[in-house]
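Tutor: Let us take this one question at a time. Keep the display in view as we go.

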Amino acid sequence: MKKHSGGRGGFKGAPIIAILTIILVAAVLVSFTLGRYDMTVLDVLKVAANQLFGMETFSESTHITVVTQVRFPRVIAALVIGAALAAAGASYQGLFKNPMVSPDLLGASAGAGFGASFALLMGGNMYVVQLSAFVCGIVAVLLTYFVSTAVSKGDSMTLTLVLTGMVVTALFQAFITMTKYVADPDDKLPSITYWLMGGLSSTRIEDLPMLLAPVIVGIVPMLLFRNQLNALSFGDEEARALGVNTKFIRALFIFCATLVTAASVAAAGMVGWVGLVIPHLARMIVGPNHKVLLPASLLLGALYVLVIDDLCRCLFAIELPLSVLTAIIGAPFFIYLLTRGKKTWT
């Protein structure tokens, strides 16, 4: 029996995860130095030592303000959103055994986008916008799930879920268009359009708990049950023969992936391509074993969004929307991955 595929995921997995973690930590330090106000890594470390451990290091008050109030919430949000979207994408792709699946498959992104657009149209503050986006994202996926359950009538509901998700996504996209159409073109429409393009420029420390709580609640079960996701990839009958409760695992991963996707969209707007591209890249590096694939996707997703956000705020005098660069970089990169990574799905 061939063992190279399992060894690739298990034996080589730990060193690769360690390397990715080191690269991510280095990228975080560099990200704290980037921006309109120049700082060095030493300046950042001094501020960190002062704030975290109470060490009496000489740090300018400007450095402390920039690191703690401006760049810290932005860097943390980029890490969390990248990890969440990549984990959701890897889970969905494994769950549906389809490399073209992304986190917005079941309507989470479209639902969250409508929730935010409607809240902005009604003049809600940023807290109301994020809460509305989160709730509507969950509602959209619940609608997809219950409609597909009713239509499939107990049969295999994978295809029904996908088709229903497409319908629900189109429905909420229509709601978004209607919201933009009736919005005041001088006031509401620009804010709706800007939010839908995605970005982290307005992220504050106060916004982090609303992002972190659902993402942690969603990612922890995905990591704990990732071995069962491996069993599902063989098919429902084989998985049940291995003692896996297929209905529970499928519902669990759909719920968790939806939770983290809705939280990410609520915090940063519509950020595309992360959940589609990163799982492919992780699969090429560590193989299809979700025991290693999911942690690798988390790290790569966090690194990817962090780097993209750094580019967004440093490339031009005016900050680019996050989804613009994720699409410009992600689309051709995805084509490259498709040409190089066919064997990972065979």
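Student: Is Tyr 145 buried, partly exposed or exposed?

Tutor: Start with the classes: buried is under 20% relative accessible area, exposed is over 50%, and partly exposed lies in between (1.4 Å probe, protein chains only). Tyr 145 has 24% relative accessibility. So Tyr 145 counts as partly exposed.

Student: What is the average pLDDT of the protein?

Tutor: pLDDT is the predictor's confidence in each residue, from 0 to 100. Here 92% of the residues score at least 70. The average is 86.

Student: Where is confidence lowest in the protein?

Tutor: Helices here are DSSP runs (H or I, at least four residues), numbered from the N terminus. Confidence is highest in helix H14 (residues 290-314), at 95. At the other end, with a mean of 43, is helix H1 (residues 4-10).

Student: How many contacts does the stretch of residues 1-11 have beyond near neighbours in sequence?

Tutor: A contact means heavy atoms within 4.5 Å. The pLDDT is below 50 over residues 1-11. Where pLDDT is low, the predicted coordinates should not be read in detail. With that caution, the number of contacts in the model is twelve.

Student: How many aromatic pairs does the whole structure hold?

Tutor: Rings of Phe, Tyr and Trp (its six-membered ring) pair if their centres lie within 6.5 Å. A search of the whole structure gives eight.

Student: Of what kind is the pair of Phe 114 and Phe 118?

Tutor: Planes under 30 degrees apart count as stacked, over 60 as edge-to-face and the rest as tilted. The centres of Phe 114 and Phe 118 are 6.0 Å apart, with 35° between the planes. The pair is tilted.

Student: Which helix holds Phe 114 and Phe 118?

Tutor: Phe 114 and Phe 118 sit four residues apart, about one turn of the helix. Phe 114 is buried at 17% relative accessibility, whereas Phe 118 is partly exposed at 39%. Both lie in helix H5 (residues 108-121).

Student: What is the phi of Trp 273?

Tutor: Most residues other than glycine have a negative phi. Trp 273 lies in the loop between helix H12 (246-268) and helix H13 (274-286), and is partly exposed at 31% relative accessibility. Its phi is positive, near 75°.

Student: How far apart are Gly 272 and Ser 109 in space?

Tutor: Gly 272 is in the loop between H12 and H13. In sequence, Gly 272 and Ser 109 are 163 residues apart. In space, C-alpha to C-alpha, the distance is 9.2 Å.

Student: Why are H4 and H13 described as roughly perpendicular?

Tutor: Axes are lines fitted to C-alpha atoms over the stretch in contact, and angles run from 0 to 180 degrees between N-to-C directions. Angles under 35 degrees count as roughly parallel, over 145 as roughly antiparallel, 65 to 115 as roughly perpendicular and the rest as oblique. Helix H4 (residues 61-96) and H13 pack with axes 7 Å apart, at an angle of about 70°. H4 and H13 are therefore roughly perpendicular.

Student: Which residues of H13 make the contact with H4?

Tutor: On the H4 side are Gly 82, Leu 85, Ala 86, Gly 89, Ala 90 and Gln 93. On the H13 side are Val 274, Gly 275, Leu 276, Ile 278, Pro 279, His 280 and Arg 283.

Student: Which residues does Arg 74 contact, leaving aside neighbours within four places in sequence?

Tutor: Arg 74 is found in helix H4. Arg 74 is buried, at 10% relative accessibility. Its contacts are Leu 200, Ser 201, Asp 309, Arg 313 and Glu 319.

Methods. Residues numbered from 1 in each chain as written. Predicted model: local features only at pLDDT ≥ 70, side-chain atom pairs only at ≥ 80, totals over all residues. Heavy atoms only, no water. Helix = DSSP H or I, 4+ residues; strand = E, 2+ residues; numbered from the N terminus.
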